Amino acid sequence: FISICLSVYLSVCLSVWRRGGGERRRKLHRVQHGQCSYTFILPEMESCQGGSEQKSGTNVVQRDSPPADGEWPVQKLQHLESAMENNTQWLLKLENYIHQKTGMVHFQADAVHNQTATMLEIGTNLLTQTAEQTRKLNVVEAKVMNQTSKIAIQLLENSLSTNKLEKELLTQISEISKLQDKNSRLESKVLVLESKQRTELEDMREEKERLQDLVKRQTAAITALERQLRVASTNNSALQRQHQQLMKSVHTLIGMMSSGTGKNVFCDMVTSGGGWTVFQRRASGSVNFQKSWKDYKLGFGDPSGEHWLGNEAVHLITSQAQYSLRVELKDWEENGAYALYDKFQLAGEKQQYRYHLWSYSGTAGQQSSLASNGTGFSTRDADNDKCVCKCALMMTGGWWFDACGLSNLNGIFYTVGHNIRKLNGIKWHHFRGPSYSLQSTSMMIRPADF
């Protein structure tokens with residue numbers, strides 16, 4: 001590099017010398033080598049023309065053309081050599097300086113290279129970490145997407161379940177509405193039934209009051225009968241007359257039987273050991289029981305079916321000895337019951353066919369539904385009850401009504417479905433209540449010692 005600079009310097013100096021020594025000025029020349037720029041100061045031209053004066057620290061420049069023989073003195077040559085030596089030293093110093101700069105440049109280049117390598121390594125690490133983070137983020141994103149898909153599916157299933165639950169809820173609400181409607185109707189029916197029950201309770205209360213009044217009247221009647229019995233016990237003639245009448249009735253019955261004008265009877269040989277003479281039967285409604293006094297006296301109907309044997313015949317039979325009375329009952333639900341009276345007697349027509357009962361038992365109620373002893377028989381044309389009204393007209397049929405009473409087995413026959421709330425039907429109060437019309441009944445008698 002120094003030789004290059006020296007040759008450049010020499011060529012520049014020779015070039016200046018060739019251009020003429022008359023120009024007395026310094027010239028600056030800049031040399032560019034690579035990235036380095038160097039500036040040179042050329043000496044005065046008079047030094048190159050061979051003047052006697054030499055200044056220290058200056059350089060000698062050659063002429064453009066060589067001088068003639070003998071023009072170069074030795075002294076000037078020495079000066080030129082001295083200038084060359086100085087320039088050579090200067091170039092050595094310049095070379096050292098350039099080497100120092102070059103070392104610094106290489107050091108800086110190494111530092112830059114090291115920094116670049118470090119930065120590249122850091123960048124590579126960052127890229128690696130970034131790639132790893134990107135991969136992890138991709139994995140997380142995939143998991144998130146998978147979880148999101150699962151959540152979306154779950155939400156869809158929940159939506160479907162919610163829709164199904166909503167439909168079921170609407171169905172339940174509809175069913176509840178229907179049940180509420182039914183409940184409202186049932187409440188209305190219950191209110192109606194309660195109203196009817198209150199009405200029936202009021203009727204029963206009134207009937208109880210009538211019965212209490214009847215008991216009072218029966219007590220008075222019993223007291224009167226006791227007085228009559230005392231009078232009859234002291235009056236043998238009256239008893240004899242009654243005995244004669246009884247015998248006359250018996251002979252009349254025997255005569256009726258012997259003459260062939262007597263009535264056929266139906267005998268029940270099954271119920272409770274048999275031996276029963278049936279004098280009343282209801283089972284089909286085929287016979288009209290809305291009859292007159294005479295019809296009930298003589299009887300009507302067919303003994304093998306629905307019939308009434310006749311009060312006179314029953315009177316004649318029960319007057320011969322002590323008889324028992326059994327009443328068979330059946331409702332429309334096929335529930336059966338019976339009422340048994342150990343002693344039963346029916347008086348004659350003059351006594352209005354009054355009956356006398358003793359010792360009740362059976363399943364047709366805890367107490368008897370027949371009126372008390374001494375109650376007379378009534379029909380629509382013979383009112384013998386103890387009520388201001390005519391019970392035979394109100395309750396229909398012929399019966400021992402007393403004050404309309406708790407029973408009437410000869411009332412109107414109502415078929416099933418029409419037998420409820422019928423006060424004039426076939427009733428037995430202590431079996432199915434005062435307003436239930438029964439399906440079938442029968443009344444029968446047999447000797448008490450059978």
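Reader: Which residues of α6 are buried?
Author: In this predicted model, the buried residues of α6 are N311, A313, V314, H315, L316, I317 and T318.

Reader: What does that say about how α6 sits in the structure?
Author: Helix α6 covers residues 311-318, and seven of its eight residues are buried, so the helix is largely enclosed by the rest of the structure.

Reader: OK, strands now. How many residues of β4 are buried?
Author: Seven of the seven residues in β4, which runs over residues 276-282, are buried, and the strand is described as mostly covered.

Reader: Which way does β4 pair with β3, parallel or antiparallel?
Author: Antiparallel, over three bridges, with β3 made up of residues 266-268.

Reader: What about β4 and β6?
Author: Those two strands pair in the antiparallel sense over two bridges. Q280 is the residue that stands opposite W308 in β6.

Reader: Back to β12. Where is S440, and is it buried or exposed?
Author: S440 is in strand β12, which spans residues 440-447. S440 has a relative accessible area of 18%, and the cut-off for buried is under 20%, so S440 counts as buried.

Reader: What does S440 touch?
Author: Leaving out residues up to four places away in sequence, S440 touches R282, A283, E328, L329 and K330.

Reader: Different topic. How many disulfides are there?
Author: One. C391 and C404 form it, with their sulfur atoms 2.1 Å apart.

Reader: Which hand does the link have?
Author: The link of C391 and C404 is left-handed, at -90° about the S-S bond.

Reader: What does it tie together?
Author: C391 lies in helix α7 and C404 in the loop between α7 and β10, so the pair ties together parts that are 13 residues apart in sequence.

Reader: Are those two cysteines buried or exposed?
Author: Both C391 and C404 are buried. C387, by contrast, is at 22% relative accessibility and counts as partly exposed.

Reader: Next, N373. Where is it?
Author: N373 is in the loop between β9 (355-362) and α7 (391-395). Its relative accessible area is 30%, which makes N373 partly exposed.

Reader: What does N373 touch?
Author: Not counting residues up to four places away in sequence, N373 touches Q218, Y355, H356 and L357. A polar atom of the N373 side chain lies 2.4 Å from the backbone nitrogen of L357.

Reader: And how far is N373 from R354?
Author: Their C-alpha atoms are separated by 7.7 Å, while N373 and R354 are 19 residues apart along the chain.

Reader: Last thing, confidence. What is the mean pLDDT?
Author: The mean for the protein chain is 81, and 77% of the residues reach 70 or more.

Reader: Where is confidence lowest and where highest?
Author: Lowest is helix α2, residues 45-48, with a mean of 45. Highest is strand β6, residues 307-308, at 97.

Reader: Which stretches fall below 50?
Author: Residues 1-6 are one of them, and that stretch has eight contacts in the model beyond near neighbours in sequence. Residues 45-64 also stay under 50, and for them the model has 56 contacts beyond four places in sequence.

Notes
Residues are numbered from 1 along each chain as its sequence is written. This is a predicted model: local features need pLDDT of at least 70, side-chain atom pairs count only at pLDDT 80 or more; totals for chains, interfaces and linings use all residues. Side-chain values use heavy atoms; hydrogens and water are left out. Buried means under 20% relative accessible area, exposed over 50%, partly exposed in between (1.4 Å probe, protein chains only). Helices (H or I, at least four residues) and strands (E, at least two) are DSSP runs, numbered from the N terminus. Contact means heavy atoms within 4.5 Å. pLDDT is the predictor's confidence in each residue, from 0 to 100. A polar contact is a pair of N or O atoms within 3.5 Å; within protein, one must be able to donate a hydrogen and the other to accept it, and residues adjacent in sequence count only if both atoms are side-chain atoms. A disulfide is a pair of cysteine sulfur atoms within 2.5 Å. Two strands pair if DSSP finds at least two bridges between them.
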